[in-house]
Amino acid sequence: MCGIAGILYKDTDKCFNVGQSLVNMLDGCQHRGRDSTGFALYHKSTPGQLHLRFFVGDDDGTAAAIGRVRNILDEFGAVVVEDETIGKTHRVVVKFDGDVQKFAYALEHGAKLISIGSSLDIIKDVGTAHDVDESYHIGGHQGTHGIGHVRLATESDVKPEAAHPFWATGFADIAIVHNGQITNYWKMRRRLEQRDFEFRTENDSELIAVFLAEQLSRGIALETVLEQSIDILDGTFSFLVSTDTEIGYAKDRLAAKPMIMYESDELIAIASEEVSLNRLFPGETLDTREPLPGSFATWSKST
Amino acid sequence: MVKVDLAKISVTEANDRIRAAGENGEDVEVFNPDARHHIGVGLIHPINVRVNGSAGYFCAGLTDGPNFTIDGNVGWGVGDNMYQGSVVVNGNASAIPAVAIRGADVVIKGNIGSRAGQVMKAGTLCCGRNANFMAGYMMYGGRIIILGDSGERLGEDMSGGSIYVGGEIQSLGTDAKVVDLDSDELDSVRLFLDQYELPFAGGFQKVVNTGEHLHYKGVEERVRPMPFHAFSGTHAYWNAKTQEDIQIKSRTGRYRVRGYGAARPMPHLSDLAFRADVAATADDDVLSKVNLRTVIGDKHGAKPLDLSMPVMIAPMSFGALSRSTKVAMAIASSMSGISENTGEGGLLDAQREAADQLIFQCLAGRLGWNIRDMLRADAVEIYISQGAKPGFGGQLMAKKVTEELAAIRGIPPGIDLRSPSRHPDVLGADDLAIKIEEFREATAYKIPITVKLGAGRVRDDIKIAMKVGFDFVELDGSQGSTGASCADVLEYVGVPTLAAIEDALNGLAEIDCRGQLPIVLMGGVMDGVDAAKALALGADCTAVGTAAIIAGGCIACMQCHVGSCVVGIATQDPEHEKRYKLQQEAQHVYQFLESMRWQLASIVHANGYDDVKQLNRNDLVALTPEAAEITGLEHAPELRERERQRLPANWKYEFAVR
C-alpha cells in the first residue's frame, strides 16, 4: 500500500534534475506511506561497465560484507572501476561482460544485491523521501528518467530490502514500483521458480519485476508485456516500470488503485495523486489525465 | 472575501479559516491549492468557496450548505457525503465523485473517474464528458447525468435512483436496465443543465434498477425458536439444530439467515481463570478501594472518552434494534458513566440526548452518516468489519426497513438491505490514512477516531491501524453477535476473541508498538469476569453488546432478523416495540453494568491491586490445553476443580447491585 511516481524527460541530449523531481513528487504523496522510500535512477552507461549496489548495513558486519562482495567480484573477473559506501549500501562500478543472471545470483551470497544495470541504480531505505535523500543525496542526481515509491508496509516487513523499487534479480536495468496487491502471487511465483527464477523477498511486488523481466528477456516488447500483465496478474495494481530507455505503466481492470499523468512536449510524469504532479509545477493548474481501467502505455527517450 | 493561500499555510490552518469564514457568512477564495487533499471539508455554512486550481481528495467532503467552484481537477471523492450545497468542477474528477451524497449538486465539466456516485442517496451528479467504470455503483437514490459515454457496468448493483446517459452506454451492470424516460423527467434534466450552463442538445437513455435483487428469493419459513442451550448443544452430531438447518436449506435452497453469533463452542475467556481466589476475598466495600476509571482516545490530541470503568456498549444499530432499545442503552450508559455507540444507520436525537458519551459509527454504505452528527459525537468510528461476520456488510431484512428507517438511512423502504462490505474510498491502507485525515480535518482534530475490526488477519490489520493513525481499536472476535447474518458465516468465519487479542498484541510487538495503541476487546464478553480476563490479557477496555441486550430483556431466540421481536428489541414494528418498557429496561441494563463494575473491582482487589490497569497476564492461567496453546498462559487444569467447587454457576450474580 503505497504511493508511486515516475518521470521521463523526452530530450535525451540534456540532463535533468530527475533526482530532485522524484524526491518532490514522493514527498507530495508521503501520506500514502511513511515506512520506506525508494528510487530507481539511471546513470549514463559506459559499454562494458555495470553499476551494482548492495545492502551492507552500517554496523560491525559492513566491512565483512564488502569483503565477501570483493571476493566474488574477483572470482568472476569483474574489475572495480569505482566504489563508495553510503548509508546502508555499497555501490560498485565494475567492468564485466559475462552472464548477468549467474553473476547476480552468485553475488547474492556476498551481500543483499539491490540492483544491477548498465545504468540502473536502485536506492531504497526505511524512512521518508527526505530521509532517504539526506542519506543518499538523491536530489543531486541528473538524468533523463526514473521511478520512485513510498511504502506503507501491510503484510511484509519494514526492512530496506522489502522497500520498492524492485529489481528483477538477474535482469539488468529493469525496475518496478507497485501500488496494490497481487493475489495470485504464490501461484505465479511457484511457476517462475520452477523455471529457476529466484525471489529475494515475500513482497508481492517483486513478482511483477521478475515476471516482466522474464518476458522481456525473451525479446518481447515492453508494451506487449504490460498488456499481458493485465490479464495474467490477479488483484489490484497500478504499477510503473522503467528500463534503461523507457518508462511504462499498467493499471488493473477494477481501477482500484489511483494513477494520474501529465504529459507535455518536454516530459511525461505519472503519480498516484495529482498533488505529486503539482509538486513539479507549483501554482499551476495542470491538464492531467487519468488512465482508464485495464490500460497500459510506454514512453521512450527520443533517441 | 477571505483569501487563503495554500503556498503559505497548511490545509489544516486553511480549513480553520474557511470554517471561521463560514460562521461569519463570508465567501472564501483559495489560492495555490496544488491538488492538496481535504480542502474545505466539514463546512456547514452556505458560503461560496472558490478554489483557483486543482484540488486533491475529498474536496468539499462532509459538508452541508456551501457552494464550491474548482477551476482545475479534483482527486477522489469530491463532495463526499455532501448534504445541501453544490460543487462545480471545471476540469476532470478522479474516482468516486459525489460518493454518498445526500442532496447536493455535483457538476464535473470534464471526465469522471470510476465508481461515480457510489452509494449516493439523493442529489445530482452531472458529468459534462465521459464517465469511467461502474458509475452509479450501489447507488440508493438521486440521479446521475452523463452527457458523454458511460463506461462499463453502468449502475452495477444499484437499488434506487436514475442514471441518464447522453452518449453511448458501454455496458450495463448487474441489476440495471434501460427504460424510457418521460417528458417531465427530460425537462427536469434540461433545467438542471441550463442552471449549470451545460449546453446539450441530444437525447438521453435512462438506466434504473431492475428490482430483481432487492429481495432474497425464497422465504425462510418461521420455525419454533429453539432454546439457545439446545441450539448450541454439542451432545450429538445430528442434533436438533443440525437437522433443522438441513430441513430449511432443503426447502429454500440457500443459506439460513439468523441473529446472534457463533453457537459452535470454541476456546473463549471462560477457559481462563485467575490464580487468585476471587470468591474467597469478596468484600462489600470493594468499589471504594479500586480505581476503574479509563480514559481512551487522546493518542493524537483529541478529547478522549472518559469512562468510569473499562467497559463500553458495543456498536448496535438503530435498525437492527428498536428506537426504544437504543435509547435505553444510551440511558444506561450514562447512568454507569460509560459510552454508547450508534452502530450502522445513523444517530438519533433521543439517543444523543440520553448518552453522555456517544461513538458515531461510519460504515461502507454511509447510511445515516453525516457531518452534523459527526460534529456532535464524542468519537467517530470507522467500521471495517465485525467479529460475527468479518468481511461482510450489515444485513437488514425488509420487515425492518420501514419508511422512517429508510428515510434516516437514505435508502428505498422495504428492501432486504445488504450493506456494502467495503468502503468506497478505502481500498487499501494508503486510502485509509487519507480517509482518517479527512475526518480529522472535518472535526478540527477534536474528537477521537477509532476503528472497528472484526478478527480476521488481526496481526496485519492491527499494524495498519497503528500506522494510519487511529486513536484506538475496537477488536471484535467471532463470538460477537449481529442482528442478521448468513448462519454459516456466523459459525465458521472469523477468529475467536481469545486468539484475536493474542494476534493483536503480537502484531504490535512485531513493530515495537506494544502498548501504544489502546485495544477495546469485544466478542462474547458476558460479564465483569470476562471483562477482567480480557483486560489482564492485554486489552485496555472491553465492550458488551449481547450481554447488555439480554440484561435489557432479550430472550435469546436468535430471530432478530425477522423483525417481529416478541420483547420489542429487534423490531421496527410499533406494535412490537410497545412491549418494551424503556425506563425499566434502561434500569436493568444499568444494574447489569453495575454488576460488571462489582465483578471487575472484586477481581482487581483479589489480585492485590488498587487499579484495574494493574491486571496482567501473570494473574491468569488457562484451564484447557486449547486456551493455553492460544494464549501461551500456563495450563492449570487443577483450577478447573476450584472454579467448580467454589464458584458455582450463579456466583457472579451475588455481586449484583445492592
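Planes under 30 degrees apart count as stacked, over 60 as edge-to-face and the rest as tilted. The rings of Y9(A) and F16(A) are stacked, because their planes stand at 5 degrees, with the centres 4.1 Å apart. Y9(A) is buried at 8% relative accessibility, and F16(A) is buried at 10%; buried means under 20% relative accessible area, exposed over 50%, and partly exposed in between (1.4 Å probe, protein chains only). The rings of F237(A) and F239(A) lie at 40 degrees with their centres 5.9 Å apart, so this pair is tilted. Both F237(A) and F239(A) are buried. F76(A), F96(A) and F103(A) form one aromatic cluster.

Some rings in chain B have a charge over them, which requires NZ of Lys or CZ of Arg within 6 Å of the ring centre and within 35 degrees of the ring normal. The charged end of R418(B) lies over the ring of Y216(B), 4.5 Å from its centre, and that of K435(B) lies over the ring of F58(B), 4.3 Å from its centre.

Residues are numbered from 1 along each chain as its sequence is written, and chains are lettered from A and ligands numbered from 1 in the order in which they are written. In this predicted model, local features need pLDDT of at least 70, side-chain atom pairs count only at pLDDT 80 or more, and totals for chains, interfaces and linings use all residues, while side-chain values use heavy atoms, with hydrogens and water left out.

Side chains of opposite charge can pair when their charged atoms come close. Over all chains there are 56 salt bridges, each a side-chain nitrogen of Lys or Arg within 4 Å of a carboxyl oxygen of Asp or Glu. Within chain B, R323(B) and E404(B) form one with N and O atoms 2.2 Å apart. R323(B) belongs to helix α5 (residues 323–336) and E404(B) to helix α8 (residues 403–409), so the pair ties together parts that are 81 residues apart in sequence; helices (H or I, at least four residues) and strands (E, at least two) are DSSP runs, numbered from the N terminus. R323(B) is partly exposed at 29%, as is E404(B) at 39%. K241(B), E244(B), D245(B), R256(B), R258(B) and E491(B) are linked in a salt-bridge network.

Between chain B and chain A the count is 5 salt bridges. One of them joins K467(B) to D35(A) at 2.7 Å, N to O. This pair runs from helix α10 (residues 458–468) of chain B to the loop between α1 (18–28) and β2 (36–42) of chain A. K467(B) is partly exposed at 27%, whereas D35(A) is buried at 16%. K257(A) and D431(B) also meet in a salt bridge, at 3.7 Å. Here K257(A) is buried at 0% relative accessibility and D431(B) is buried at 1%.

The contact, meaning heavy atoms within 4.5 Å, takes 31 residues from chain B and 32 residues from chain A. The area buried between the chains is about 2300 Å², of which carbon and sulfur atoms give 49%; buried area is the accessible area (1.4 Å probe) that two parts lose on being put together, summed over both. In chain B, D34(B), D430(B) and K467(B) lose the most area to chain A, together 24% of what that side buries.

Conventions. Rings of Phe, Tyr and Trp (its six-membered ring) pair if their centres lie within 6.5 Å; planes under 30 degrees apart count as stacked, over 60 as edge-to-face and the rest as tilted.
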